[in-house]
Amino acid sequence: MTQDECTSLEELLAILIKYHPEANVELVSKAYHFAEKAHEGQKRKSGEPYFTHPLTVASILAKLMLDAPTIAAGLLHDTVEDCEGCTREVIEEEFGTEVAALVDGVTKLKRLDFTSKADQQAESIRKMILAMSKDIRVVLIKLADRLHNMRTLKSQPPESQKRIAQETLDIYAPLAHRLGVYMIKQELEDLCLRYLDPEGYQNLVIRIGMKRAERENSIKEVIGVLERKLDEMNLHFEIDGRPKHFYSIYRKMVLQHKPFEQIFDLIAIRVLVDSIQDCYAVLGVVHTLWRQVPNRFKDYISMPKPNMYQSLHTTVISENGMPFEVQIRTYEMHRIAEYGIAAHWRYKEGRQVADSLDTKLYWLRQILDWQNDTRDSEEFIRSLKVDLFSDEIFVFTPNGEIIDLPKGANPIDFAYRIHSEVGNKCVGAKVNGRIVTLDTPLNTGDFVEIITQQNSKGPSRDWLKIVKTSQAKAKIRQFYKKELKEENVANGKQMLEYEAKRQGHHLSALLKSEYLEPILRKFSFADLEDLYAAVGSGGITSNQVVTRLADEIRQHEKPLIPLQPRVNVEPSAVHTVHGKPDAGIKIAGLPGCQVHFAKCCAPLPGDEIIGYITRGRGVTVHSKECVNVNASHDPARWVEAEWADTTNTFYNGSLQLLCQDRHNLLADIMSYLTALKITVTAVAARVNPGNQTCTIDMTLQVSNKKELDWVIKQLEKRQDTISIFRT
């Protein structure tokens with residue numbers, strides 16, 4: 001995409017009218033003046049007037065040949081988010097429902113309450129995907145917005161540059177690829193590389209530039225030879241040569257471990273012709289003139305990419321030994337290759353004319369399908385990256401229908417792609433006529449047949465570990481959610497009780513209606529049973545639910561007792577005391593008293609602590625997070641406490657694990673901890689009837705909270721661990 005950007009309303013309208021002579025220029029003009037006034041006085045971090053940003057976004061959209069409402073929304077896209085008093089209702093009143101919906105779809109969710117930055121990012125992207133399903137123009141505006149932000153990223157601090165570039169490479173460049181908007185995709189990728197690996201980027205620029213003149217001369221000779229041959233055939237054609245963009249070369253070097261000298265297609269020649277028949281005729285000429293590189297021919301005309309891309313690709317070697325790629329396509333294919341979904345987007349009399357795109361946007365429907373069952377923000381982003389960024393393979397049904405899947409997909413993914421019932425009743429598979437295991441990776445060109453059984457009991461939970469597509473995972477979870485709801489409800493309730501206890505809460509207190517209702521609304525649960533079932537089936541984590549419930553409590557109520565010391569003492573009155581030989585604690589104002597650790601919270605060095613004066617037993621030390629601190633009815637007994645030197649001292653740290661029950665489980669866990677050089681001083685285990693799980697309580701010798709947290713992380717990595725928390 002050209003870096004030329006509109007600097008005035010006249011330039012913007014000229015581009016719009018060029019592609020849409022009947023466009024509503026009054027709407028765009030009104031949006032221009034509205035946004036200019038709304039952003040008046042605002043500056044970007046670069047020091048430029050803020051309005052340069054929405055104007056550039058609108059100019060990018062105009063060059064994508066989009067319509068007047070889209071360009072108006074591009075001008076207005078930051079007004080609701082960044083301008084005081086400008087709401088969706090104001091936009092709708094001034095510019096209509098269509099423009100307001102587009103602006104709302106792009107607006108981030110920054111005004112809502114989120115537990116983390118990652119959670120906010122995930123929910124904003126989820127909102128964009130949902131809006132995109134109703135109107136694909138939403139994501140085109142977002143891509144134009146991100147493109148200009150990446151062009152001006154140098155004004156951001158280094159840590160923000162890397163974060164924004166990584167997010168762009170993970171989410172927005174793959175979205176542009178999926179939508180076929182290559183002119184945006186390639187520029188985004190090159191800009192990301194500049195910030196994520198500046199040294200690698202500069203090295204690539206230098207190495208490509210060193211022999212640029214030599215390559216350009218060679219490519220002119222090649223184009224001349226091909227032009228003369230095609231002229232003899234009386235074909236109407238256009239030829240141009242272009243360098244491959246930096247990121248595609250960089251990716252081959254990094255992912256395929258290829259040295260720079262082995263990258264064959266640094267230069268590509270593109271040939272545009274009138275018809276598909278002419279495409280294959282040109283291909284024959286190319287292969288007659290130059291020697292073909294084996295396994296480097298791709299026919300995307302007979303087998304288009306899911307993003308509608310069509311072209312013939314072949315790599316050949318010139319007479320002087322220079323390898324180069326030739327891309328052959330029709331003029332219409334080229335328009336779609338450059339503009340992707342935008343090339344198809346036309347509106348007539350206010351109605352969308354895009355029915356032909358339905359099958360070509362199947363991947364979007366897949367995302368919408370599984371995202372409804374994926375309420376965990378981290379899992380949503382992780383699955384989205386896999387679905388967007390994976391390379392595709394193309395396989396065939398027994399009837400010859402082409403199915404596209406991500407690279408690494410197996411017969412189970414294929415089965416669920418055909419239909420959820422085919423997946424649920426799948427008991428085996430044949431690939432190219434041979435029976436294979438269900439975890440066998442598929443390859444492009446494979447013929448796949450699924451063997452089903454009507455009385456099948458359904459998918460195995462183990463399939464969740466081997467399927468590649470988010471769609472398959474969602475369908476498997478849906479099966480267990482529906483078929484095993486009672487078991488999921490019981491498991492979910494137990495997991496929430498464990499998590500609440502780990503965080504120092506009573507679940508019954510968290511589940512009061514005033515705290516529960518906002519959570520049910522946010523995640524679209526009908527009632528508490530639905531919430532339990534979702535936790536039990538893995539649709540949402542117990543940690544996520546309890547954390548949000550605790551946040552609701554904090555918003556509704558003040559703590560019963562502030563965690564401040566209740567005895568006023570001078571700083572000089574602080575002494576080190578030892579109730580036990582290994583317990584180094586400083587108690588404010590009580591020299592020489594006996595010190596004990598509370599069994600309810602078993603504090604460790606690293607925990608914030610507070611002391612409680614008992615009758616006849618000295619001071620009991622609690623963690624400030626302990627539920628009994630807030631439950632106390634005698635605040636005058638609390639005193640300030642802190643850790644003294646705890647070097648070379650060991651303390652008892654207690655854990656409770658919920659695990660999948662199996663033979664020799666406890667022995668395996670004990671061996672695992674021994675290998676980690678952790679001493680276990682006590683252990684007890686019990687089987688939980690009805691759900692094939694067991695609960696293990698154990699006490700470990702650790703030097704501080706940090707070491708106990710490390711042990712917890714190691715145990716969480718085990719596949720048999722369902723949940724674990726400190727007791």
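I began with Ile91, which is in contact with Phe34, Leu76, Thr79, Val80, Cys86, Gly96, Val99, Ala100 and Val103, leaving aside its neighbours within four places in sequence; contact here means heavy atoms within 4.5 Å.

I note that this is a predicted model, in which local features need pLDDT of at least 70 and side-chain atom pairs count only at pLDDT 80 or more, while totals for chains, interfaces and linings use all residues. Residues are numbered from 1 along each chain as its sequence is written, and side-chain values use heavy atoms, with hydrogens and water left out.

**The chain and its cores**

Of its 727 residues, 51% count as buried, where buried is under 20% relative accessible area, exposed is over 50% and partly exposed lies in between, with a 1.4 Å probe and protein chains only. Among contacts between residues at least 6 apart in sequence, 66% join residues at least 24 apart.

In soluble globular proteins, nonpolar side chains tend to be buried together. I looked up the largest nonpolar core and found 74 residues, with Leu12, Leu75, Ile91, Val99, Met150 and Ile184 having the most contacts inside it; such a core is a set of buried Ala, Val, Leu, Ile, Met, Phe, Trp, Tyr and Cys residues joined through side-chain atoms within 4.5 Å. Another core lies apart from it, with 30 residues, among them Cys593, Phe597, Val619 and Val711.

Cys86, one of the contacts of Ile91, sits in the loop between α5 (79-82) and α6 (88-95). Its relative accessible area is 6%, so I count Cys86 as buried. Beyond four places in sequence, Cys86 is in contact with Phe34, Thr79, Val80 and Ile91. Cys86 and Ala38 are 48 residues apart in sequence, and their C-alpha atoms are 8.1 Å apart in space.

Turning to α2, I checked its length: at 1.5 Å a residue its 14 residues should span 20 Å, and its end C-alpha atoms are 20 Å apart, which agrees; the expected span is 1.5 Å times one less than the number of residues. The buried residues of α2 are Leu27, Val28, Ser29, Ala31, Tyr32 and Ala35, and what covers them includes α1, α3, α4, α5, α6 and α7 (97-106).

What covers the buried residues of α3 includes α1 (9-19), α2 (25-38), α4 (68-76), α9, α11 and α16 (331-339).

Met65 follows α3 and is found in the loop between α3 and α4. Its phi is near 65 degrees, a positive value in a residue other than glycine, and with a relative accessible area of 9% Met65 is buried.

I set Asn432 beside it, where phi is near 55 degrees, again positive in a residue other than glycine. Asn432 is found in the loop between β11 (426-431) and β12 (434-436), and is partly exposed, with a relative accessible area of 46%.

**The packing of α9 and α11**

Helices α9 (residues 137-151) and α11 (residues 182-196) pack at an angle of about 35 degrees, with their axes 10 Å apart; axes are lines fitted to C-alpha atoms, for helices over the stretch in contact, and angles run from 0 to 180 degrees between N-to-C directions. On the α9 side I listed Leu143, Arg146, Leu147, Met150 and Arg151, which meet Ile184, Glu187, Leu188, Leu191, Cys192 and Tyr195 in α11. The residues of this contact divide into eight nonpolar, no polar and three charged, with Ala, Val, Leu, Ile, Met, Phe, Trp, Tyr, Cys and Pro counting as nonpolar, Asp, Glu, Lys and Arg as charged, and the others, Gly among them, as polar.

**Two further buried residues**

Val222 lies in helix α13 (residues 212-232) and, at 4% relative accessibility, counts as buried. Not counting residues up to four places away in sequence, Val222 touches Ile269, Trp290, Ser318 and Phe324.

Ala641 lies in strand β19 (residues 638-643) and counts as buried at 9% relative accessibility. With residues up to four places away in sequence not counted, Ala641 touches Ile585, Lys586, Ile587, Ile609, Ile610 and Gly611. The C-alpha atoms of Ala641 and Val619 are separated by 9.8 Å, the two residues being 22 residues apart along the chain.

Notes:
Helices (H or I, at least four residues) and strands (E, at least two) are DSSP runs, numbered from the N terminus.
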